[in-house]
Structures are given as C-alpha cells and as structure tokens.
Amino acid sequence: MHGFKTIIEPFRIKSVEPLTLTTREEREARLEDAGFNLFKLRSQDVLIDLLTDSGTGAMSAEQWASLQRGDESYAGSPSFFRFEAAVKALFPFRHVIPTHQGRAAEKILFSVVGGPGKVVPSNTLFDTTRANVEYSGARGVDLLPADARVPSKRLPFKGNLDVAALERLIAEVGAAQVPLVLVTVTNNSGGGQPVSLANLHAVSAVCRRHGIPLFLDACRFAENAWFIREREPGQQDRSVTDIVREMASLADGMTMSAKKDGLANIGGWLALNDERWAEQCRNLLILTEGFPTYGGLSGRDLDAIATGLGEVVQHDYLRYRIRSTEYLGEALERRGVPIVLPVGGHAVYLDAAALLPHVPALQYPGQALAVELYREGGVRSCEIGSVMFGLRPDGTEAPAAMELVRLAMPRRTYTQSHVDYVVEVVERVAARANAIQGLRIAEQPRALRHFTARFAPWRQSAVAECAA
Ligand code: F0G
C-alpha cells in the first residue's frame, strides 16, 4: 500500500459497539458524582474513551478464532506452549512466565530482586512499576536527559536513558545495590517516546561492565521498533521482528503487559534468563497468580496473545498505528494546542502547563484540563502529572516534571472521524483555556492516588473565606 497519501485503517469492521451520546447537563452531573476523577466515570457515559490504550483495543477475527482453540487444562496446556513460542520468537529469553497483566509481573520481579537499600534506575518507571519498586522498599530513579523533559523539544529518541547519569548513579550507590536497570519502551510517562537501539546498546554495555542485568518494560515494544526502523540511521530496510530480536538480545529479561502490544484485552508476562530468579519468581507466581503454565490467564487468553504477537509486528499495522496517532497530534499542533513533540506512538500528550499557565502545578492543571475535555464533548483522557506523580511515599507533595494530559489511542478501535471529533473538542476547550480553574484534592489514598482521589473545584474566594 505504498504511494498513496492516505494511510488507511488496514481492516474493516465486522462487529460494532454502539456509543452513547450524553448532554452537557448529564456530563456535569456525572463529573460531580465522580468527584472530578475520570477513573470513576461509568464508561457508558463516555463517548470517546482515550483513558488508556491498555486492554481496550479490538481483537482481529483470527484472535477471536484463537479463543476457540484455547485449551483450559490446568497444567501443560497447548495454549501455553503456543504462547511461549510466540513470546520466544520475539524475545528468546530462557524462562517465560505468564501473568494476568504487567503489574503482576512487576510485583513478582521486585518482590524477588527489590528490597530496602536497593536502587532501580530507569529511563522512566511507569506508575505501577514505580509503586511496585517502592512497595518492596527499593528506590526507583528516573534518568531522563534534561532535553527529554522539555515537551516542545523535537528529538527522535526522547525516551533514551541518560547513560552518563546511569554511570554516576552506579558509582554513587554501588553496583551491588542495583539489582537491575529497567528501560521502558516506549517511555509511556515521558510522552510515548521511543528508545533508540544505540541507546539500548550503550545502556547494555554499562550494565554488563558492572554485572547488572538489563530488563525491558516492553509494553509497547513493536511501536518502539517501528520508530527505530523509521528514525534510526541504517535501520530502514530491516523488519520490525528483526529489530525487536536485537532489542531483546541486549537485555536479560523483561516485564510485559499484553494489553498493549500483545493486542489482547488482558495478560502479561515476565521473561528472564537467570535460573535462580526464575525459580523464585515461579514460586511467588503460584502463590498469587496460578500454575506456571497459565499464570492467572485462561488458555483462551494465552492463545489470543500468541496470535496478537504475530499481528502487532506487521508493518501495515504499525504504519497505520503510528500514523493515526500522529494524525491527531498534527491536527492539534496546527490549531496551536501545545503538545509533547514529536508525537508518541500510542498517545498524544497535551501540555497542560503550557495551555493553563495560570493554574499552579499543585492545583493540578492536567486534571483540570482532562475534566474539561469530558465536560465539553464526552472525551475521557488521563492526567499524567502532579496528580499521578506528585505524592511522595512520605506523604509530602511536589510538582511532577511535566503536567500532561494523555489522549491514548486504543488499538484498531476508533476511526478517523472519531479522531476528527476529538480534535474539535480539544480545540473548543483550548479556546476557553484562560477561564479554566484548578482543582484541589478533597480525599485521597496514600499511594496511586490518581485512581481513587476525589477532587473539588479550586475557588480562590472559598479559600480566602476559610482563611478569614
Ligand atoms: N509498564 C508500562 C510502561 C505501562 O504503560 C503499564 C500500563 C504497565 C507497565 C502495567 O501494565 O496495566 O498490564 O498491569 N499502563 C497502562 C496505561 C495502565 O494506561 O498506560 P498492566
């Protein structure tokens, strides 16, 4: 399909799911009920759901057919062996341990390798990953170069880990305290930005020199590999599969959420080479997930993932996938909406700090903007800023590095006209940006507060009244 300007959705629709239209008054009421936390909405009250690209994609006809092939034997199911073979075809690690989703793999891994005094360096740990590192008593350290934290700066591999900073950190804490380095591909919290092969080679060399294992948080590995193929010198003629295998060859293990580039609605895995760690992980798996040949998944889920892994590396799919995200980003950029540049793989990130400069970080400009997108047009997005990252384990609060709102694109789910509608909604909200007020937190848990906190509008006058 080369030579045409329009990059079409490389599929047609066989089964449709109706969307519900709500009125502005209804959305106002739903927002009040939800304490202005979009995670608390009922999804039927959402028109276009860009909360996450995790588990929200459409499966292919082949994947639905795979569900029938699923074998539900407790131990040694053929579904497991198909799953294991599909994983190893891309990531030939010795041990492949299925889990019900990515964070289960993280919990098990960091229960084994984490603990007080340990330090886990990363380009950026995603929220559940950081929480699992910290829950074990270890400290997570994000090592992103300063450039990569400037939303408007266009760099081809803005997910790259700062290698010099990694060297300094290892020298400071000692290699013995670093159980592994975790590179997130693509870097979700930093804007869905890719990591280059060159950077992976450099990080891997540092790790090997110090005897530290390198792990990938590989949720969006195929999108990352596509960016490498598109942007990295000398990679243009390679297949994505080949690039993925090279990424894997530089690492000693991985955690994975099959809800992203597994093209499945649930699932994940932990894969690694180390025999001793694998045994410890399997023992924990049996405690919380299940027997090692199903790990919290049904046989049919394992088969859906196995088929999905074959589809996600196809170039026609990836060309459409990356282009459709870029299409949304370009349309917003043309309308002067500040976004993280370049556009990432799975999402467009609005720069709420730039759009709402009058709202201080701890009045949560990202959350305020996300609320307005829902109020305006029933579009659900997700704050990635001081709500998500601002609360420290000791209970104090500090602004996050960036105040972003993520418009995450479910895979193979929405069409171009849905995206055009989203552009219109964002444009309308941006036009009244200077009238948007911040929020305050009315109620929150001690960790991962973004899922359950309740907010209330920040009213300067009300605060002044209280003070008086
Ligand atoms: N790592 C990254 C980079 C992720 O983006 C996620 C999930 C996980 C790990 C955890 O995987 O959800 O299967 O337990 N991210 C989702 C998101 C939730 O919306 O970005 P999980």
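1. Two residues are in contact here when heavy atoms of theirs lie within 4.5 Å. With that in hand, look at Q63: leaving out residues up to four places away in sequence, Q63 touches A58, G262, L263, A264, A304, T307, G308, E311 and R412. Please keep in mind that this is a predicted model, in which local features need pLDDT of at least 70 and side-chain atom pairs count only at pLDDT 80 or more, while totals for chains, interfaces and linings use all residues. Residues are numbered from 1 along each chain as its sequence is written, and side-chain values use heavy atoms, with hydrogens and water left out.

2. Let us stay with Q63 for a moment. Q63 sits in helix α2, residues 61-69; helices (H or I, at least four residues) and strands (E, at least two) are DSSP runs, numbered from the N terminus. Is Q63 buried or exposed? Q63 counts as buried because its relative accessibility is 0%, where buried means under 20% relative accessible area, exposed over 50% and partly exposed in between (1.4 Å probe, protein chains only). Among the residues that Q63 touches is A264; these two are 201 residues apart along the chain, yet 8.5 Å separates their C-alpha atoms.

3. You will find R412 in the loop between β12 (404-408) and α16 (416-431). Its phi is near 60°, a positive value in a residue other than glycine. With a relative accessible area of 12%, R412 is buried.

4. Compare that with L448, in the loop between β13 (439-443) and β14 (454-457). L448 is not a glycine either, and its phi is positive, at about 45°. Its relative accessibility is 34%, so L448 counts as partly exposed.

5. Next, the ligand. Which residues come nearest to the ligand? They are T52, R103, D217, S257 and K260, out of the 18 residues around the ligand; a residue belongs to this shell if one of its heavy atoms lies within 4 Å of the molecule. Helices α4 (102-113) and α5 (127-135) each supply at least two residues of the shell, and α4 gives the most, with three. Sorted by class, the shell has two nonpolar, nine polar and seven charged residues. Here Ala, Val, Leu, Ile, Met, Phe, Trp, Tyr, Cys and Pro count as nonpolar, Asp, Glu, Lys and Arg as charged, and the others, Gly among them, as polar.

6. A polar side-chain atom of Q101 is 2.8 Å from an oxygen atom of the ligand. For N188, an N or O atom of the side chain is 2.8 Å from a ligand oxygen atom, and for R406 the distance from a polar side-chain atom to a ligand oxygen atom is 2.7 Å. On its own the ligand has 470 Å² of accessible area, of which the protein covers 94% (Shrake-Rupley method, 1.4 Å probe).

7. Five bridges join β2 to the antiparallel strand β8, residues 268-272, where pairing requires at least two DSSP bridges. Within this pair, I97 stands opposite L270.

Terms used
A polar contact is a pair of N or O atoms within 3.5 Å; within protein, one must be able to donate a hydrogen and the other to accept it, and residues adjacent in sequence count only if both atoms are side-chain atoms.
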